[in-house]
Amino acid sequence: MNQLLKLAIKAYDSFIAVANRAQSPLLLLIRLYWGWQFAQDGYGKLTHLDKVTQFFATLNLPAPGTTALLVATVEFAGGILLALGLASRLVSLVLFINMTMAYLSVPDDRTNFFHILSKPEDFYGASPYTYWFAALLILILGPGWFAVDTVVRRKFSPDRERAHSLA
């Protein structure tokens, strides 16, 4: 029995090692895909600011023209930076806040946001959810090894071991 337990622990440790090696490629794919999506949405808003401004006005957002420009710029520039992995956690924080505000600004999505525990299918079925969740993942897990942040940190950090652990 003891030998069987040791074999199970060794197999599980091997599984964990493989899963850990998949983390950075997964984070890269998340950053590339959702960075592209954010940038596309931001570009679409930038090229149709009048429509976005009108929509924001119907939501009674303050200074709808300025808000539309700010949101469009955050999504466009933030998406590019997210895809590159540059200032990843700061950009993710800004995008996460942006998407939280998207949830809270649209009446139907606001209701869905507050169903996070009571009716989760409404929460994750709302249009901001995947953007919100992708930003949250990068905010918490970091950009991974395949990011400009990691290259810069490894190159310029006096403590390379610390830079490795922060990636």
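**Contacts, cores and helices**

Modeller: In this predicted model, Trp-132 is in contact with Phe-96, Met-99, Thr-100, Tyr-103, Phe-113 and Phe-123, leaving aside its neighbours within four places in sequence.

Colleague: What makes these residues contacts of Trp-132?

Modeller: Contact requires heavy atoms within 4.5 Å. Phe-96 and Phe-113, among others, are listed as in contact with Trp-132, and therefore have heavy atoms within that cut-off of Trp-132.

Colleague: Which residues have the most contacts inside the largest nonpolar core?

Modeller: They are Phe-38, Leu-82, Leu-95, Tyr-103, Phe-123 and Trp-132, in a core of 20 residues. Helices α2 (23–47), α5 (88–105) and α8 (129–141) each supply at least two residues of this core, and α8 gives the largest share, 7 residues.

Colleague: How do you know that the span of α4 is close to the expected one?

Modeller: The expected span is 1.5 Å times one less than the number of residues. Helix α4 (residues 64–84) has 21 residues, for which 30 Å is expected, and α4 reaches 30 Å from its first C-alpha to its last; therefore the span is close to expectation. After α4 comes Gly-85, with a positive phi near 80 degrees.

Technical notes
Residues numbered from 1 in each chain as written. Predicted model: local features only at pLDDT ≥ 70, side-chain atom pairs only at ≥ 80, totals over all residues. Heavy atoms only, no water. Core = buried A, V, L, I, M, F, W, Y, C linked by side-chain atoms within 4.5 Å. Buried < 20%, exposed > 50% of the residue type's maximum accessible area, 1.4 Å probe, protein only. Helix = DSSP H or I, 4+ residues; strand = E, 2+ residues; numbered from the N terminus.
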